[in-house]
Amino acid sequence: MFKRYFIINFIFTFLIVGCSKTSSEFPQKSFRTRLSEGDGHMGVSINYFDSWKTDFQPRYLKLAERHTITAIKLFSHLEYDTSPRITEYYVVRARRTQSCRLLAELQFAASNHGYELSDITPDGCIYF
């Protein structure tokens, strides 16, 4: 009886461990999930920027900057992973460009009010 229980438990454990491994065939999240993550950071950034416009607390600008830079990096990586032959590439490219514009606006607003942000220009943003 104990031997049978041990064998069944061993087989069950072997199946659970064998089936629970992640597939290395699809290691990345889906396009929509990655796009949503970037959009989420942009939404938070816009909320912080709007809060700064009413309260003028520098921490809101710094938080907005941090989330915007994170969004830019996410969009840049997603754009790199997407082929220019499909329309999604241009959707991501537009979002990255909008994020870069928001970052420039944040930095401009900070300098106009005597605040100093990190002056980080992430890869994917080119200012002329």
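Student: Where do Lys53 and Asp50 lie, and how many residues apart are they?

Tutor: Both lie in helix H2. They are three residues apart, about one turn of the helix. A helix here is a DSSP run of H or I with at least four residues, numbered from the N terminus. Note that this is a predicted model, in which local features need pLDDT of at least 70 and side-chain atom pairs pLDDT 80 or more, while totals for chains, interfaces and linings use all residues. Residues are numbered from 1 along each chain as its sequence is written, and side-chain values use heavy atoms, with hydrogens and water left out.

Student: What makes Lys53 and Asp50 a salt bridge?

Tutor: Their side chains come to 4.0 Å, N to O. The rule asks for a side-chain nitrogen of Lys or Arg within 4 Å of a carboxyl oxygen of Asp or Glu. The pair therefore counts. Side chains of opposite charge can pair when their charged atoms come close.

Student: How many salt bridges does this rule give?

Tutor: The count comes to six. Glu37 with Lys29 is one of them, with the closest N and O atoms 2.7 Å apart.

Student: What do the side chains of Glu79 and Arg93 form?

Tutor: They meet in a salt bridge, at 4.0 Å from N to O. Glu79 lies in helix H3 and Arg93 in helix H4, so the pair ties together parts that are 14 residues apart in sequence. Arg96 joins in: Glu79, Arg93 and Arg96 are linked in a network of salt bridges.

Student: What describes the packing of H3 and H4?

Tutor: Two packed helices are described by the angle between their axes and the distance between the axes. For H3 (residues 58–81) and H4 (residues 87–112) the angle is about 155°, with the axes 9 Å apart. Each axis is a line fitted to C-alpha atoms over the stretch in contact, and angles run from 0 to 180 degrees between N-to-C directions.

Student: Which residues make the contact of H3 with H4?

Tutor: Contact means heavy atoms within 4.5 Å. Among them are Leu61, Ile72 and Phe75 of H3, and Val92, Leu103 and Leu106 of H4. The residues of this contact divide into 14 nonpolar, four polar and five charged. Nonpolar covers Ala, Val, Leu, Ile, Met, Phe, Trp, Tyr, Cys and Pro; charged covers Asp, Glu, Lys and Arg; polar is the others, Gly among them.

Student: What are the angle and axis distance for H2 and H3?

Tutor: The angle is about 160°, and the axes are 8 Å apart. That makes H2 roughly antiparallel to H3. Their contact has 16 nonpolar, eight polar and five charged residues.

Student: Why is Ser45 called buried?

Tutor: Its relative accessible area is 0%, so it is buried. Ser45 is in helix H2. Beyond its neighbours within four places in sequence, Ser45 contacts Ala64, His67, Thr68, Leu102 and Leu106.

Student: How do you know whether Ser99 is buried or exposed?

Tutor: Ser99, in helix H4, has 1% relative accessibility and so counts as buried. With the neighbours within four places left aside, its contacts are Met42, Thr68, Ala71, Ile72 and Phe75.

Student: What is the phi of Phe56?

Tutor: Phi is positive, about 55°, although Phe56 is not a glycine. Most residues other than glycine have a negative phi. Phe56 is found in the loop between H2 and H3. Its relative accessible area is 40%, so Phe56 is partly exposed.

Student: How many of the residues of the chain count as buried?

Tutor: Of the 128 residues, 27%. The chain has four helices and zero strands.

Terms used. Helix = DSSP H or I, 4+ residues; strand = E, 2+ residues; numbered from the N terminus. Parallel < 35°, antiparallel > 145°, perpendicular 65-115°, else oblique. Buried < 20%, exposed > 50% of the residue type's maximum accessible area, 1.4 Å probe, protein only.
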